[in-house]
Amino acid sequence: MRILGIDPGLRTMGWGVIESNGSRLSHIANGHCTSGTGELAERLLSLHEQLTDVVARYTPDEAAIEQTFVNKDGAGTLKLGQARGVALLTLAQAGIPIGEYAPNKVKKTIVGAGHADKQQVLYMVKLQLPGCEPAGPDAADALAIAMCHAHYGGKNDVRLREVRA
């Protein structure tokens, strides 16, 4: 099964594609979509177009996305939610089943600690996907999200799954 992981963000949306064959995982590709500057609608459209290209290029069987966490910056949280909405819409348009995972659940699954930092996630992603060089921290997080889905998801009969930490 080919899984696309997405770490949503308005400035930088990380993505990572892995192949899952039983308990064996292998790295296919990773990168990030950037929205640049300008009007919000144009930035969201740019993310949609880039993610549509990733979906067309790597034809994932399933996808996984990180849930939005609410922080003290309400405006920032809202913008993150809009970028996440674009990612969900892009995946739904392609007919790809989607799993949603809390950030702490992803970290607990990949690192073993729910409050792991980005360096620990990067280290474990590289350890579990030999030869993988993530394009940046957002791409490493996206690969971790895909790996989490390989562990918990994988049922084609479920369209949208939520797993809480």
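Buried means under 20% relative accessible area, exposed means over 50%, and partly exposed is in between (1.4 Å probe, protein chains only). Helices (H or I, at least four residues) and strands (E, at least two) are DSSP runs, numbered from the N terminus.

This is a predicted model, in which local features need pLDDT of at least 70 and side-chain atom pairs count only at pLDDT 80 or more, while totals for chains, interfaces and linings use all residues. Residues are numbered from 1 along each chain as its sequence is written, and side-chain values use heavy atoms, with hydrogens and water left out.

**Strand β1 and its partners**

- Two strands pair if DSSP finds at least two bridges between them. β1 and β2 pair in the antiparallel sense over 6 bridges, and Asp7 has Gly14 in β2 as its bridge partner.
- The link from β1 to β2 is a hairpin of 4 residues.
- β1 also pairs with β4, here in the parallel sense over 4 bridges. Ile3 has Glu62 in β4 as its bridge partner.

**The nonpolar cores**

- A nonpolar core is a set of buried Ala, Val, Leu, Ile, Met, Phe, Trp, Tyr and Cys residues joined through side-chain atoms within 4.5 Å. In soluble globular proteins, nonpolar side chains tend to be buried together.
- The largest nonpolar core here has 22 residues, and those with the most contacts inside it are Leu4, Ile6, Met13, Trp15, Leu47, Leu51 and Leu91.
- At least two residues of this core come from each of β1 (2-7), β2 (12-21), β3 (24-34), α1 (40-58), β4 (62-66) and α2 (74-93). The helix α1 gives the most, with 6 residues.
- A second, separate core has 18 residues, including Ala64, Val121, Ile145 and Ala150.

**Trp15 and the aromatic pair**

- Rings of Phe, Tyr and Trp (its six-membered ring) pair if their centres lie within 6.5 Å; planes under 30 degrees apart count as stacked, over 60 as edge-to-face and the rest as tilted. A search of the whole structure finds 1 aromatic pair.
- The rings of Trp15 and Tyr58 have centres 5.5 Å apart and planes at 35°, so the pair is tilted.
- Because Trp15 lies in strand β2 and Tyr58 in helix α1, the pair ties together parts that are 43 residues apart in sequence.
- Trp15 is buried, with a relative accessible area of 6%, and Tyr58 is buried too, at 17%.
- Contact means heavy atoms within 4.5 Å. Not counting residues up to four places away in sequence, Trp15 touches a set of residues that includes Leu4, Ala29, Asn30, Val54, Tyr58 and Ala142.

- Asn30 lies in strand β3 and counts as buried at 16% relative accessibility.
- The side chain of Asn30 makes a polar contact with the side chain of His27 (2.8 Å). A polar atom of the Asn30 side chain also lies 2.7 Å from the backbone nitrogen of Ala135.
- Leaving aside neighbours within four places in sequence, Asn30 is in contact with several residues, among them Trp15, Cys132, Pro134 and Leu143.
- Gln67 sits in the loop between β4 and α2 and counts as buried at 13% relative accessibility. A polar atom of the Gln67 side chain lies 3.4 Å from the backbone nitrogen of Ala102.

**Helix α2**

- The expected span of a helix is 1.5 Å times one less than its number of residues. The 20 residues of α2 should therefore span 28 Å, and the end C-alpha atoms are 28 Å apart, which agrees.
- Buried residues of α2 include Thr77, Leu80, Arg84, Val86 and Leu91. The buried residues of α2 pack against β1, β2, α1, β4 and β5 (98-101).
- Gly95 follows α2 and has a positive phi, near 75°.

- Thr52 is in helix α1 and is partly exposed, with a relative accessible area of 35%. Thr52 and Gln93 are 41 residues apart in sequence and 9.3 Å apart in space, C-alpha to C-alpha.
- Most residues other than glycine have a negative phi. Thr59, in the loop between α1 and β4, has a positive phi near 35°.
- At 52% relative accessibility, Thr59 counts as exposed.

Terms used:
A polar contact is a pair of N or O atoms within 3.5 Å; within protein, one must be able to donate a hydrogen and the other to accept it, and residues adjacent in sequence count only if both atoms are side-chain atoms.
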